[in-house]
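Hello,

Here is the structure I promised to pass on. Please look it over, then read the notes below.

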Amino acid sequence: MMDQNLSILVIDEDPDRAAIVERGLVESGYTRVAKIGTTLNLVSRIQALAPDVIIIDLENPDRDTLEQMFQVSRAIQRPIAMFVGQSDGDMIRASVEAGVSAYVVDGLRSERIKPIVEMAISRFEAFDALRRERDEAQAKLADRKTIEKAKGLLMKAKGLDEEQAYAALRRTAMQQNRRLVDIAHSVIIAFQMDI
């Protein structure tokens, strides 16, 4: 994702600070920069712009802003870098939980923007890979549970052992050119309808 053609959205109510961020981005080779001067209707405005990276610059973030960042990170999974004037440990934790990839306190200088953007992108990509792995593992576990439940129903209803029940599911999946878990879902639904 790290290339100079990224679209970057700068959110800052202070036009002077926004200009510093924009200048740092342009000097770093990022030319596709958009700015928003207020956080009202933030999620819908960001969705409309569809940036690759979001930079939010706040003097002192409040809970409402962090809640909006949480909504943004859920709705639009993008790297988010936040520059703040001052902060404390609770605010940092809340920001990270809200999906902020880089949280920079009192560090708004144009020459620091590029490495911070690159770090935010790297952290986002690392967390996104972990999230995808977790989601895949959860989906596989759910599929296994569904298959086990279907096998159990077949074993009980048809007097099959575990291997025979699995073979019956697998054979049906191959005959119908469907996934094993889809056949298992069908078996479970069929048994529920018989109740």
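I55 is in contact (heavy atoms within 4.5 Å) with I8, L9, V10, I11, V21, L25, A81, F83 and V117, leaving aside its neighbours within four places in sequence. This is a predicted model: local features need pLDDT of at least 70, side-chain atom pairs count only at pLDDT 80 or more, and totals for chains, interfaces and linings use all residues. Residues are numbered from 1 along each chain as its sequence is written, and side-chain values use heavy atoms, with hydrogens and water left out.

I55 also belongs to the largest nonpolar core, which has 19 residues. Such a core is a set of buried Ala, Val, Leu, Ile, Met, Phe, Trp, Tyr and Cys residues joined through side-chain atoms within 4.5 Å. Buried means under 20% relative accessible area, exposed over 50%, and partly exposed in between (1.4 Å probe, protein chains only). I8, L25, I55 and V117 have the most contacts inside this core. Helix α5 gives the most to it, with five residues. A second, separate core has 17 residues, including L9, I11, I36 and V43.

Now helix α6. Helices are DSSP runs of H or I, at least four residues, and are numbered from the N terminus. In α6, A165, A168, L169 and A173 are buried. Seen down the axis, the buried residues fall within an arc of 130° (taken from the directions from the helix axis to the C-beta atoms), so they line one face of the helix. The face turned away from the buried side carries the exposed residues E163, M174 and Q175. After α6 comes N177, with a positive phi near 55°.

Best wishes

How values were computed
Helix = DSSP H or I, 4+ residues; strand = E, 2+ residues; numbered from the N terminus.
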